[in-house]
Amino acid sequence: MPKSKRAKVVHLTKTQKKGKELTLRLYANIRESIPQYPYIYVFSVENMRNTYLKDVRSELAGDSR
């Protein structure tokens, strides 16, 4: 059987950075969406594997974008 790669340690110096372009694109998408929706909720979560947050995401997924 092949070894599992889940427990493998990856040093941060070897990871790819997302860059400033991704952040600017996200801000631009938010600014474009402001006139379309009466309410905008922006939040960040450290661990999206929580079952309660999965329920919230699936419930809001039909209304977003």
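Val-45 is partly exposed, with a relative accessible area of 31%. This residue lies in the loop between helix α1 (19–33) and helix α2. In this predicted model, Val-45 also belongs to a nonpolar surface patch, which it makes together with Tyr-39, Tyr-41 and Phe-43. The patch covers about 520 Å².

**Overall form**

The protein chain has two helices and zero strands. Its radius of gyration is 17 Å, whereas the globule rule gives 11 Å for 65 residues; the chain is therefore more spread out than a compact globule. Along the principal axes, the C-alpha atoms fill a box of roughly 50 × 30 × 20 Å. Of the 65 residues, 0% count as buried. The accessible surface of the chain comes to about 7,400 Å², and carbon and sulfur atoms account for 54% of that surface.

**Charged residues**

The protein chain carries 14 positive and 6 negative charges. The mean position of the positive charges lies 16 Å from the mean position of the negative ones.

A positive surface patch is formed by Arg-6, Arg-49, Lys-54 and Arg-57. Within this group, Lys-54 has its place in helix α2, which spans residues 51–61. Lys-54 counts as partly exposed because its relative accessibility is 45%, a value between the limits of 20% and 50%.

The structure holds one salt bridge. This salt bridge joins Arg-25 to Glu-21, with the closest N and O atoms 3.6 Å apart. The contact meets the definition of a salt bridge because the distance of 3.6 Å is within the 4 Å cut-off. Arg-25 and Glu-21 are four residues apart in helix α1, so about one helical turn separates them.

**Accessibility of the residues discussed**

| Residue | Relative accessibility | Class |
|---|---|---|
| Lys-54 | 45% | partly exposed |

Notes. Residues numbered from 1 in each chain as written. Predicted model: local features only at pLDDT ≥ 70, side-chain atom pairs only at ≥ 80, totals over all residues. Heavy atoms only, no water. Patch = residues over 30% accessible without salt bridge, like charges linked within 9 Å, V, L, I, M, F, W, Y side chains within 5 Å. Areas by Shrake-Rupley, 256 points an atom, 1.4 Å probe, with all protein chains shown as cover. Salt bridge = Lys/Arg side-chain N within 4 Å of Asp/Glu carboxyl O. Lys, Arg positive; Asp, Glu negative; His and termini not counted. Charge placed at Lys NZ, Arg CZ, Asp CG, Glu CD. Buried < 20%, exposed > 50% of the residue type's maximum accessible area, 1.4 Å probe, protein only. Rg over C-alpha atoms; globule rule 2.2 N^0.38 Å.
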